[in-house]
Amino acid sequence: VTIRRTPSVRAIVFRGDSKWGVEDVRTPTPGPGEVLLRTIMTGVCGTDEHLLHGGFIAKFPLIPGHEIVGEVVELGDGVTQLSVGMNVVVDNAIYCGECSSCRRGTPLFCSNFTSLGCNAPGGFAEQVLVRASKLYPIGNLDPGIAVFTEPTACTLHGVDMLALKPASDVLVFGAGPTGLLLAQLLKMAGAAR
């Protein structure tokens with residue numbers, strides 16, 4: 001497969017002070033264990049608005065977008081489990097595995113937590129660089145469905161943390177995509193109403 005490498009790609013870039021624009025940024029080059037993806041689709045999340053205004057864990061300049069579906073276009077050295085042309089979804093959360101929180105089994109509190117699209121370059125770009133270990137092939141799954149992988153993972157985590165008792169009454173604030181996913185999962189977990 002021939003890969004057409006250009007020196008730059010277009011990306012949405014948040015600059016701080018609620019300013020953003022479409023810019024040319026350097027095309028990333030995959031290192032060992034990394035993969036370059038052509039972005040197929042990236043979901044827009046409420047977190048993206050918080051990040052634009054400096055909230056959450058924003059680190060500027062920032063290419064946002066953490067709900068990513070992409071096509072593998074280039075493999076770094078040592079990547080053997082994926083192939084060029086494969087469609088994948090991205091686990092955007094990266095933990096160090098070394099800090100006290102990671103060793104305690106609570107990686108979401110990682111001292112060195114990195115999240116693609118939140119404090120590292122994300123999917124609102126024509127191409128994005130991702131660790132191979134954070135990619136999951138989707139086969140022929142429609143990208144319009146696959147893009148819900150990250151919000152579904154978040155809602156599953158919420159249901160796990162809630163430890164819902166059977167026949168509980170539950171109130172979900174917000175009926176956006178994540179709220180609707182959460183409502184469905186809560187029903188499946190045994191909520192009565």
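Mentor: A residue counts as exposed over 50% relative accessible area, as buried under 20%, and as partly exposed in between (1.4 Å probe, protein chains only). By that cut-off Arg193 is exposed, at 70% relative accessibility. This is a predicted model, in which local features need pLDDT of at least 70 and side-chain atom pairs count only at pLDDT 80 or more, while totals for chains, interfaces and linings use all residues. Residues are numbered from 1 along each chain as its sequence is written, and side-chain values use heavy atoms, without hydrogens and water.

The part to look at is helix H5, residues 177-188. Helices (H or I, at least four residues) and strands (E, at least two) are DSSP runs, numbered from the N terminus. With 12 residues at 1.5 Å a residue, H5 should span 16 Å, the expected span being 1.5 Å times one less than the number of residues. The end C-alpha atoms of H5 are 17 Å apart, which agrees.

Gly179, Leu181, Leu185 and Leu186 are the buried residues of H5. Viewed down the helix axis, these fall within an arc of 160 degrees, so they line one face of H5; the arc is taken over the directions from the axis to the C-beta atoms. Pro177, Lys187 and Met188, on the other side of H5, are exposed. The buried residues of H5 pack against helix H4 (149-162), where contact means heavy atoms within 4.5 Å.

Just past H5, Gly190 has a positive phi of about 115 degrees. Asp169 and Arg193 form a salt bridge, their closest N and O atoms being 2.7 Å apart. Asp169 is in the loop between H4 and H5 and Arg193 in the segment after H5, so the pair ties together parts 24 residues apart in sequence. The term requires a side-chain nitrogen of Lys or Arg within 4 Å of a carboxyl oxygen of Asp or Glu. The structure holds 5 such bridges. Another joins the side chains of Arg10 and Asp24, at 3.2 Å from N to O. Here Arg10 belongs to strand S1 (residues 8-16) and Asp24 to strand S2 (residues 19-26).

The loop between H4 and H5 also holds Ala163. Although not a glycine, Ala163 has a positive phi of about 50 degrees, and its relative accessible area of 54% makes it exposed.

The C-alpha atoms of Thr149 and Val90 are separated by 8.4 Å, although the two residues are 59 apart along the chain.

Not counting residues up to four places away in sequence, Leu135 touches Val35, Leu37, Leu82, Val88, Val89, Val90 and Val130.
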